Amino acid sequence: MSSTDDVSHKRAHLKSCPPGSNGRDTALFNLAGALRSRFVKGRKSGDLDEAITLLRDVLELRPSGHPDRSSSLHWLALCLSNRYDTQGAIADLEEAVTLGRAALELRLPRHPNRAVSLNNLANDLWRRFQKHARMYDLEEAIELHHAALELRPFGHRDRSSSLLELALCLSNRYDNQGAVADLEKAVTLGRAALELLLPGHPDRAVSLYNLACRLWKRFKNHARMYDLEEAIELHRAALELRLSGHRDRLSSLDGLALCLSNRYDGRGAVADLEEAITLRRAALELRPPEHPDRAVSLGNLACDLRTRFQKHARMYDLEEAIELHRAALELRPSGHCDRSSSLDGLALCLSNRYDSQREVADLEEALTLGRAALELRLPEHPDR
């Protein structure tokens, strides 16, 4: 049965259960589930909105003490979380967290669905951390994911998702606090997840990509080339699974290009730099003028072209790098968090062009841009 037919069938059944009749809560619940399933397939916000309205009605019919109240809380929280992901209304996320806590309280340690509630609440707390950067949300998410993982031993069908999500939270904590133990554990958990996600599994690409990113972080911390080598292999494998049109192809292009650029810095193999530039161009094509991260691709490609100019002294590489840095700077107006890096990158390229062509205007502009970058990099800035 198609999702649309299922909705029609469940809607017809609801009509046979008028307000006050036995089974109305179940009919409302089932229709909400069918609408959410159709939303997952078709991404029509109206389906999700209606599912949320219906689940609110269900919850009113399942007061405290009702045997199915926890499932109503769980599904309403999940739908609100889905709507937050698509529309970004923080009120939806806050309500999802509140409902998720209420569901968890009803699912005591021996409840068969306790791990699901632990996992979902952890994910919503992680979303809130991503929004507000409050460490206590991340700390609680880590605790909850640990608890869920304990309830999902080896052989459990959801063990891989708990491994992936706990690894993500630990990696985020490493990014914020720098504790190497968090990164090491994230790598270990990522390997364990990848072992469970065999070729053909829909989450294998994300597992390959995430593990590659954490190995790159470890390379940046310890400068061990074998971490970078493995990261490159994993990024290549992920990219092969993210063909043209895949929603995550862009992140794989960026990740592989970055690793190859780093390997060029360490070993000087021009082939790595050439491939990095090719990948950067492909990433830029996927970030058209209206893309929020277009400036990132412009800046990254500009930096690699300048690196190639330093190797071969071909002026067209430097000229293109200058154009790209100017375009990035236009997308990073006063107040943008990355404006200083664009100012600095453009100033450096103009200084290089002055060294080659002796145009005083380039030197003057480089000085102006350098001063502007310095003003944005206060005494505590790491790149001052």
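This is a predicted model: local features need pLDDT of at least 70, side-chain atom pairs count only at pLDDT 80 or more; totals for chains, interfaces and linings use all residues.
Angles under 35 degrees count as roughly parallel, over 145 as roughly antiparallel, 65 to 115 as roughly perpendicular, and the rest as oblique. Residues are numbered from 1 along each chain as its sequence is written, and side-chain values use heavy atoms, without hydrogens and water.

Start with helix α8 (residues 159-177) and helix α10 (residues 204-222). Their axes come within 11 Å and cross at roughly 25°. α8 and α10 are therefore roughly parallel to each other. Helices here are DSSP runs (H or I, at least four residues), numbered from the N terminus. Axes are lines fitted to C-alpha atoms over the stretch in contact, with angles from 0 to 180 degrees between N-to-C directions. The crossing of α8 and α10 is left-handed, meaning that the near helix is turned anticlockwise from the far one by less than a right angle. On the α8 side the contact (heavy atoms within 4.5 Å) uses Leu164, Ala167, Leu168, Ser171, Tyr174 and Asp175. On the α10 side it uses Val206, Ser207, Arg214, Lys217 and Asn221. By class, this contact has five nonpolar, three polar and three charged residues. Ala, Val, Leu, Ile, Met, Phe, Trp, Tyr, Cys and Pro count as nonpolar, Asp, Glu, Lys and Arg as charged, and the others, Gly among them, as polar.

Now turn to α6 and α8. Their axes also come within 11 Å, and the crossing angle is roughly 30°. That makes α6 roughly parallel to α8. Their crossing is left-handed. From α6, Asn119, Asn123, Trp126, Phe129 and Gln130 take part. They meet Ser162, Glu165, Leu168, Cys169, Asn172 and Asn176 in α8. This contact divides into four nonpolar, six polar and one charged residue.

Next comes the largest pocket. About 1300 Å³ of space lies in it. A pocket is found on a 1 Å grid over the protein atoms alone, as an open set of points where a 1.4 Å probe fits, with protein on both sides within 12 Å along at least five of seven lines; lining residues have an atom within 4 Å of a point. Grid points are joined across faces, edges and corners, and the volume is the space filled by probe spheres set on the points. The lining has 40 residues, and Asn123, Arg127, Glu165, Asp203 and Arg247 lie nearest the centre. α2 (24-42), α4 (69-87), α5 (90-106), α6 (114-132), α8 and α10 each supply at least two lining residues. The lining divides into 14 nonpolar, 13 polar and 13 charged residues.

The second largest pocket holds about 480 Å³ of space. It is lined by 18 residues, with Asp175, Tyr209, Cys213, Lys217 and Ser251 closest to its centre. α8, α10 and α12 (249-267) each give at least two residues to this lining. The largest share, six residues, comes from α10.

Finish with α12 and helix α13 (residues 270-285). They pack at an angle of about 155°, with axes 8 Å apart. α12 and α13 are therefore roughly antiparallel to each other. α12 passes α13 in a left-handed crossing. Among the contact residues are Leu250, Leu253 and Tyr264 of α12 and Val270, Leu273 and Leu279 of α13. The contact divides into 13 nonpolar, one polar and five charged residues.
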